[in-house]
Amino acid sequence: MNARMINKVEFVYRIARFGFLLALGLLALRAIFATAAPVKTDPQSKPNAVPSETTSLKPPDKGQIPVAFLISDGAVVIDFCGPWEVFQDVMIPSSEEMPFRLYTVAETTKPIRTSGGMQIVPDYTIQNAPPKVIVIPAQSPPSPAVLEWIRKSSKTTDVTMSICTGAFVLAKTGLLNGKSATTYHGAFGRFAMQFPDVQLKRGARFVENGNLATAGGLSSGIDLALRVVERYYGREVAKKTAYNLEYQGEGWTNPDSNQLYATSLLSTAEHPLCAVCSMDVDPKIAPKSVFKGATYYFCSEDDKKTFDAALDKFVAPAPQSGASGSSN
């Protein structure tokens, strides 16, 4: 190869290297501007993911974080026992003390029958329980005294969180007004009708609003509890907690991971569903109502009453979504 050819090769090499470095620079600038720019989303999705630095919680320098599990008759076991197991299994390598102190609280200390018949004697009453985290599972309707305790306590809690239809309890305090929230997918219709001032978010595993948080149904509470652990102690501690639990779900890392439940199931004549909660029904024995020539079936008389009181809300704008396809 002669000197002239070597110079041409060297020239081409230099041009290529310059182009490569220029491309890297442009990519770096693009990444910087993309990070700085606000994320645009469509109105339907409204993801509630927020930068971790704005949602982190500061654990106390000394002592444990008191977590109050508010229960009453009919409290759904997985709603509070799932998060209980998460919080009790958190370990901080630099501390000999478990970081969370867990207890049950109720209006009185009388024994409570939860779902499935489990009996629990509450540790505290609402008169003497000072929590930093409140967990509200699905349970029986709250008294005015319980609602006032939630309102008052939430002024100083780091997190007040509901699981499943515990969102109804939290919403009755008025604390969720003007905010977004989620609940059990089978209760979307009732929740939206009962709390029009709360923006119902379908398809969310959990929703966070400052020190208020709501989870979807049942196992969603485990994910929200892991998310709270992450807010206090970081993702690695939360991941280690999930690992020790042999919990492989990753919903706690993505608040919008319940998209399976964003769309209601379709009721048909062959497979009728409750027009209120979308549960399977037996048309031979299920309560029913007829509206505009279509027959609607229900899991219970309570669901039928809810439907009959607001026909337009459950049927409009798509009557076929609730109808079984039969007519009377």
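**Exercise 1.** Work out why strand 1 (residues 65-70) is described as largely enclosed by the rest of the structure.

*Solution.* Start with burial: six of the six residues of strand 1 are buried, so the strand is largely enclosed by the rest of the structure. Here buried means under 20% relative accessible area, exposed over 50%, and partly exposed in between (1.4 Å probe, protein chains only). Strands are DSSP runs of E with at least two residues, helices are runs of H or I with at least four, and both are numbered from the N terminus.

Next, look at the directions. Ile 65, Val 67 and Phe 69 point one way, while Pro 66, Ala 68 and Leu 70 point the other way. In a regular strand the side chains alternate between the two faces of the sheet.

Before going on, note that this is a predicted model, where local features need pLDDT of at least 70, side-chain atom pairs count only at pLDDT 80 or more, and totals for chains, interfaces and linings use all residues. Residues are numbered from 1 along each chain as its sequence is written, and side-chain values use heavy atoms, leaving out hydrogens and water.

**Exercise 2.** Find which residue of strand 2 is the bridge partner of Pro 66.

*Solution.* First, find the neighbour: six bridges join strand 1 to strand 2 (residues 100-106), and the two run parallel. Then pick out the partner of Pro 66, which is Arg 101.

**Exercise 3.** Decide whether Val 281 is buried or exposed, and locate it.

*Solution.* Val 281 lies in the loop between helix 8 (235-244) and strand 12 (288-291). Its relative accessibility is 15%, so Val 281 counts as buried.

Notes: Pairing = 2+ DSSP bridges.
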